Amino acid sequence: MEGNFKKEGRYSYFEAGEGTPIVVLHGLMGGLSNFNGVADYFSSNGYKVVIPELPIYTQNILKTNVKAFAKYVKDFITFKGFDRVILLGNSLGGHIALYHSKMYPEKVAGLVITGSSGLYESAMGDSYPKRGDYEYIKKKAEAVFYDPKVATKEIVDEVFSVVNDRIKVIKTLTIAKSAIRHNMAKDLPKMHVKTCIIWGKNDQVTPPEVAEEFHKLMPNSELYWIDKCGHAAMMEHPDEFNRLLHEWLKEVHL
């Protein structure tokens, strides 16, 4: 991904390909590399894939919330000169994409959510990870996936470093509270954006019934399942994720 990474003004982002822009929003503990498979595939298939780094740990604590991040995404889209985009978000990124679509519907041609928060918030787990306990963190990271081997040492190390950074812990808890406050249940029935919901059948963070609830509440949505798959479908089954998403994009002419 390095070759396509850009820093302009207050934005750092990955960009590849030409065509309709797909703006990808990562989750709380998720890095840009979680979307390698999506970036490679869609940038070679007629889309411009853009993945901004969200200022989750760098923004003022008063702006560390779902609404402020949605505004950040709107400002980024304006900065890039895009008219309308396809927004794709995983976990907290899905929640930000949903909130952005509620606030700025004119900017969103299509919405894709996978393992998204916004309706059900155990995304932070029942207890905040114990600082300094590497094995506990490893188990928590592995539980995100159906196949624990997907949680590489690199991923576990990254999560471990976050939970051992006092400022990042405070920001994480602030975001978790914000996610609960910004529950989308009342908003979704009024949102008519074309929506693709792709969910892991074995997601333990946002269980399958959450996907069904999103599908029921969103008037213009399609729901697709990936078997033997946890909370990050685009990482665990990138080929199947890309196939389902590409089929949907063709179906809705995006």
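Student: Why does G27 count as buried?
Tutor: Buried means under 20% relative accessible area, exposed over 50%, and partly exposed in between (1.4 Å probe, protein chains only). G27 has 5% relative accessibility, so it counts as buried. This is a predicted model: local features need pLDDT of at least 70, side-chain atom pairs count only at pLDDT 80 or more, and totals for chains, interfaces and linings use all residues. Residues are numbered from 1 along each chain as its sequence is written, and side-chain values use heavy atoms, with hydrogens and water left out.

Student: Where is G27, and which residues is it in contact with, leaving aside its neighbours within four places in sequence?
Tutor: G27 sits in the loop between β3 and α1 (36–43). Helices (H or I, at least four residues) and strands (E, at least two) are DSSP runs, numbered from the N terminus. Leaving aside neighbours within four places in sequence, G27 is in contact (heavy atoms within 4.5 Å) with I56, N90, S91, L92 and G93.

Student: Why are α2 and α3 called roughly perpendicular?
Tutor: Their axes cross at roughly 70° and come within 8 Å. Axes are lines fitted to C-alpha atoms, for helices over the stretch in contact, with angles from 0 to 180 degrees between N-to-C directions. Under 35 degrees counts as roughly parallel, over 145 as roughly antiparallel, 65 to 115 as roughly perpendicular, and the rest as oblique. Therefore α2 and α3 are roughly perpendicular to each other.

Student: Which residues make that contact?
Tutor: From α2, they are V66, K67, F69, A70, V73, K74 and I77. From α3, they are L92, H95, I96, Y99, H100 and M103. The residues of this contact divide into nine nonpolar, two polar and two charged. Ala, Val, Leu, Ile, Met, Phe, Trp, Tyr, Cys and Pro count as nonpolar, Asp, Glu, Lys and Arg as charged, and the others, Gly among them, as polar.

Student: How many residues does the largest nonpolar core have?
Tutor: The largest nonpolar core has 42 residues. Such a core is a set of buried Ala, Val, Leu, Ile, Met, Phe, Trp, Tyr and Cys residues joined through side-chain atoms within 4.5 Å. L87, L98, L188 and F214 have the most contacts inside this core. Helix α2 gives the most to this core, with seven residues. Apart from it lies another core of 38 residues, among them I22, V38, V150 and C229.

Student: Why does K48 count as buried?
Tutor: K48 has 12% relative accessibility, so it counts as buried. K48 lies in strand β4 (residues 47–52).

Student: What joins the side chains of K48 and E18?
Tutor: A polar contact of 3.3 Å joins them. A polar contact is a pair of N or O atoms within 3.5 Å; within protein, one must be able to donate a hydrogen and the other to accept it, and residues adjacent in sequence count only if both atoms are side-chain atoms.

Student: Why does S221 count as buried?
Tutor: At 8% relative accessibility, S221 counts as buried. S221 is in strand β8. A polar contact of 2.8 Å joins the side chains of S221 and H215. The side chain of S221 also reaches the backbone oxygen of M218 at 3.0 Å.
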